[in-house]
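User: I would like to go through a pocket in this structure and then a helix beside it. Could we start with the pocket?

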Amino acid sequence: MRPYILAETNWKAVKDTTFDLAVLPWAATEAHNYHLPYATDIIEADALAAAAAKVAWEKGAKVIILPTIPFGVNTGQPDIYLDMNLNPTTQLAILSDVAEVLNRQGIHKLLIFNSHGGNNFKPLVRELGLKYPDLFISFSQWPQVVDKKAYFEEDGDHADEMETSLMLYLRPDLVLPKDQWGSGSSKKHRIKAFSEGWVWAERKWSQISADTGVGDPRAATVEKGERFFKAVTEKMGNFFVELCNADLEDLYH
């Protein structure tokens, strides 16, 4: 039983503990190339959040990891079989209910631990910030915690070398043999402004990728996954400590 994982702990332990920070992992259920499971984002969120919390807990930070939300925004993938979608308005409703519970019970720091690129929490956090002014809400993107280029050869953002390496480290039993991996090749937008990033439109997934992957996974290894995992969780764990200890009345200098 890990006392910082709500799903594993119990009322006997919780009733006498004051938590300073609640972490809500938010993932997705979707295809990840041919070789990775639909639950890839969930598995990554569970493992990374728990390992970071362990780092923080051992340094005295009272953080509690809430159960991972398994569905995310997949509005660009309506024709990818069994890719599950939560509309942003549904996300707002769920997040609002979670925020209400925490705010009412005196946990005034909430971190959304995002594990899916389609989730966009900024407008939701803005709206709930007005609704719950005593609750400090922030969100993180774990793939951005450290520089991926220092760990991986190939660029990508879905079922790529990074995610494949992580899954080889975390759940190799759920990764298909390498001869069944797709190339992860993807089409770029014909209009240059979209590729440059100063104009945005949602990608139609079935039009940009044949295997649902974006990024070549074939250089992935267990060793790369382990090194990246440990770097992310150590840095994120230290952030948990800092956020737990932060004075919400004195955040700026």
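User: By class, how many nonpolar, polar and charged residues does the lining of the second largest pocket have?
Analyst: The model is predicted. The lining of the second largest pocket has 10 nonpolar residues, 4 polar ones and no charged ones.

User: Which residues lie nearest the centre of that second largest pocket?
Analyst: Of the 14 lining residues, Val-14, Phe-19, Leu-102, Gln-105 and Ile-107 lie nearest the centre. The space in the second largest pocket is about 290 Å³.

User: Where does the largest share of the lining of the second largest pocket come from?
Analyst: It comes from α3, with 3 residues. Both α1 (11–14) and α3 (88–104) supply at least two residues of that lining.

User: Turning to α3, how many residues has it, and what does it reach from first C-alpha to last?
Analyst: Helix α3 has 17 residues and reaches 24 Å, close to the 24 Å expected at 1.5 Å a residue. Just after α3, Gly-106 has a positive phi of about 85 degrees.

User: Which residues of α3 are buried?
Analyst: They are Gln-91, Leu-92, Leu-95, Ser-96, Val-98, Ala-99 and Leu-102. Their cover includes β1 (21–26), β3 (109–114) and α4 (122–131).

User: Why does Ser-96 count as buried?
Analyst: Ser-96 counts as buried because its relative accessibility is 8%, and buried means under 20%.

User: What is Ser-96 in contact with, leaving aside neighbours within four places in sequence?
Analyst: Ser-96 is in contact with Leu-128, Lys-131 and Tyr-132.

Key:
Residues are numbered from 1 along each chain as its sequence is written. This is a predicted model: local features need pLDDT of at least 70, side-chain atom pairs count only at pLDDT 80 or more; totals for chains, interfaces and linings use all residues. Side-chain values use heavy atoms; hydrogens and water are left out. On a 1 Å grid over the protein atoms alone, a cavity is a set of points where a 1.4 Å probe fits but cannot get out, and a pocket is an open set with protein on both sides within 12 Å along at least five of seven lines; lining residues have an atom within 4 Å of a point. Grid points are joined across faces, edges and corners, and a volume is the space filled by probe spheres set on the points. Helices (H or I, at least four residues) and strands (E, at least two) are DSSP runs, numbered from the N terminus. Ala, Val, Leu, Ile, Met, Phe, Trp, Tyr, Cys and Pro count as nonpolar, Asp, Glu, Lys and Arg as charged, and the others, Gly among them, as polar. The expected span of a helix is 1.5 Å times one less than its number of residues. Buried means under 20% relative accessible area, exposed over 50%, partly exposed in between (1.4 Å probe, protein chains only). Contact means heavy atoms within 4.5 Å.
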